[in-house]
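Here are my notes for a colleague meeting this structure for the first time. Please have a look at the picture, then read the points in order.

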Amino acid sequence: MSARALRLSAGLPARVALGAVALLVALFLVFPVVIVIPLSFSGSEFLSFPPESWSLRWYADFFTTARWLESAWLSIWIAVVAAILATVLGTAAALGLARAKFPGRAVVTAFLLSPLVVPAIIVSIGVYFFYAPLGLVGSPIGIAIAHATLASPFVLVNVTAALAGFDPRLEQAAKNLGASGWSTFRLVTFPIIKPGVMAGAVFAFIASFDEMIVALFITSPGNVTLPIRMWESMRNEISPAIAAVSTLVILLSVSLFFVAARIQARAVARSGGDR
Amino acid sequence: MTDPSRLGAPVRFEGVGKRYGRSWAVRGFDLEIAAGEFVSLLGASGSGKTTSLMMLAGFETPTEGRIAVGGRTVDAMPPAKRDIGMVFQSYALFPHMTAAENVDFPLRMRGRPKAEREAAVAKMLDIVGLAHLADRLPSQLSGGQQQRVALARAIVFEPPVLLMDEPLGALDKHLRATLQAEIKRIQARLGLTVLFVTHDQEEALTMSDRICVMRDGAILQVDAPETIYDRPADTYVAAFFGESNALTAVPEGPGAVRLGPVVAPWPGAGPAAGALEIAIRPERIAIADEDAPVPPAHVAVFATVRETTFVGDRRVYLAALDTGEAVQVNQPLADLSGGHRPGERVRLHWATTAMRGFVDGRAA
């Protein structure tokens with residue numbers, strides 16, 4: 001309504017100016033990300049813009065270099081484990097916070113969301129000192145657990161949003177019809193909030209996949225995640241390989257976002273769009 | 001349950017109360033419902049009718065008292081074990097399941113064999129007239145169709161008791177009437193015990209075997225619709241059902257009361273002193289010319305017509321008694337002849353048995 005009013009009241013010059021500003025902001029946001037894509041197809045030995053020749057050699061380099069592939073698989077493995085852990089914990093927390101009425105709910109919510117706010121470097125130091133006596137420093141599972149704590153707020157936020165549109169009477173109806181607590185969750189609650197859970201899982205995966213600071217603290221020479229490998233590569237050699245890897249990472253992230261968007265769109269279509 | 005085709009079980013509330021914090025939503029709730037009986041809980045919002053229903057369904061725990069279904073106390077039973085069908089106010093259909101899957105849900109939860117389930121779902125969808133829409137999602141169904149799916153889902157597992165929480169509230173008037181008749185038909189056919197929550201007095205009158213009128217968490221009256229209408233326990237119940245005239249009368253010796261200038265026989269004892277409120281339904285009062293004869297055992301008073309309204313099947317008169325009290329008269333119309341004009345002097349008369357007396361709001 002207000003957008004419509006704006007459009008009607010603003011004249012042509014004003015609209016052109018607004019469009020130009022919007023375009024500049026969009027370019028500013030996207031440019032640093034997009035710039036690496038042409039660089040990745042460079043045929044030369046060094047990073048230079050614009051590339052002097054074109055080739056796929058840096059992609060070939062990535063897919064044939066063991067340390068790149070090892071790091072990529074390690075990061076994917078960690079991100080999958082972290083996303084699963086974060087999704088289970090975040091969903092459980094969202095359900096608990098949405099249902100239970102207890103004093104200090106707001107405090108508990110803030111506490112659970114705190115990984116979003118606390119500086120990563122603080123978390124890293126904490127995790128390091130916590131892990132050291134447990135012998136988790138340097139282990140992939142240790143990184144996955146640390147990432148799960150950082151990623152769980154994304155799940156909590158997404159599932160809480162999904163639960164806000166969920167009619168609790170559906171659970172009453174399921175129980176009234178003879179469903180146990182678990183059946184009610186499995187057959188009624190979960191299918192309806194699934195888009196929120198899936199979106200949360202995708203965000204959690206991405207949060208872990210590109211996390212570097214915590215990983216840097218508890219990594220070991222044998223277990224180097226992809227962001228750390230990229231950082232080291234950047235510091236040591238500055239070859240266009242880094243651009244190829246970056247492009248692949250962008251591709252993965254963007255595809256995951258599309259997957260999440262599709263899940264959500266399908267859910268809306270299935271429920272008729274009125275929920 | 002001697003006849004296996006009759007599903008209903010008796011329900012019994014004994015001194016049931018529910019307290020939230022310091023206030024009681026329901027208190028001293030005693031109600032016995034026979035097997036196969038259709039009982040409505042009627043009251044304004046906040047009267048405790050839905051809370052009572054939720055306690056029977058198991059979603060609220062009574063603070064005191066006990067509830068029994070088929071002779072068995074259910075208070076310690078979780079909702080899923082109570083085997084009570086329920087139609088929710090907004091239907092609460094599962095949005096991600098088709099009509100057939102919704103109806104199948106309770107059978108699936110009971111682990112019935114697949115072939116048996118399919119047959120039962122098909123039969124039930126047929127009963128509610130939705131066989132052709134079995135594969136639709138709730139969002140693709142109209143309000144009335146959703147209501148039918150909710151009803152089918154609530155009775156497909158043959159529960160001995162069916163609860164309905166304002167199931168027709170969201171539907172338009174015509175559809176309501178159709179579904180009221182349909183629910184009654186299915187209930188009678190299956191012999192279900194039904195507890196039906198509504199705030200619509202007409203719905204309660206047309207559907208119920210008995211009506212339980214509630215106010216502020218307490219039962220005011222439980223009776224058959226005719227009795228509730230004809231012999232309301234207090235002025236609140238009287239006002240809740242239909243229209244009523246209230247006239248002030250004073251006792252005039254034993255067996256008589258004075259209504260303005262006339263003395264009417266009064267069968268009840270009446271108050272020793274003080275005023276008595278007399279209620280008379282507008283359709284029980286006859287309006288006639290000033291000099292018309294009065295039938296025996298009728299009380300007659302003179303009045304002046306103030307307003308007259310034609311409502312199709314009847315005329316509604318607003319007349320002023322000589323005491324200044326206003327009286328509404330509903331005159332059923334066999335034909336359109338006659339009628340009295342504003343300002344005309346008329347004689348109003350009614351059978352002495354049409355009067356109901358109340359002292360301090362309670363039936364006298």
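1. In chain A, 69% of the contacts with a separation of 6 or more join residues 24 or more positions apart; a contact here means heavy atoms within 4.5 Å. For chain B the corresponding share is 68%.

2. A word on the source: this is a predicted model, in which local features need pLDDT of at least 70 and side-chain atom pairs count only at pLDDT 80 or more, while totals for chains, interfaces and linings use all residues. Residues are numbered from 1 along each chain as its sequence is written, chains are lettered from A and ligands numbered from 1 in the order in which they are written, and side-chain values use heavy atoms, leaving out hydrogens and water.

3. How confident is the predictor in chain A? The mean pLDDT of chain A is 87, and 93% of its residues reach 70 or more; pLDDT is the predictor's confidence in each residue, from 0 to 100. Please read helix α1 (residues 2–9) of chain A with care, as confidence is lowest there, at a mean of 53, and highest in helix α9 (residues 169–176) of chain A, at 94.

4. Chain A has 13 helices and zero strands, whereas chain B has eight helices and 21 strands. Both kinds of element are DSSP runs, numbered from the N terminus: helices are H or I with at least four residues, strands E with at least two.

5. The UniProt record, an unreviewed entry, places "domain: ABC transmembrane type-1" at residues 72–260 of chain A; such annotations may be inferred rather than shown by experiment. Over that stretch chain A is 78% helix and 0% strand, with the end C-alpha atoms 22 Å apart.

6. Of the 275 residues of chain A, 39% count as buried, and of the 364 residues of chain B, 51% do. Buried means under 20% relative accessible area, with a 1.4 Å probe and protein chains only.

7. Which residues does A:Pro51 touch, leaving aside those up to four places away in sequence? They are A:Pro38, A:Leu39 and A:Ser42. A:Pro51 sits in the loop between α3 (36–40) and α4 (57–64) of chain A, and counts as buried because its relative accessibility is 10%. From A:Pro51 to A:Asn176 is 125 residues in sequence and 67 Å in space, C-alpha to C-alpha.

8. Finally, the extents: along its principal axes, the C-alpha trace spans about 70 × 65 × 30 Å in chain A and about 80 × 50 × 40 Å in chain B.

Key
Buried means under 20% relative accessible area, exposed over 50%, partly exposed in between (1.4 Å probe, protein chains only).
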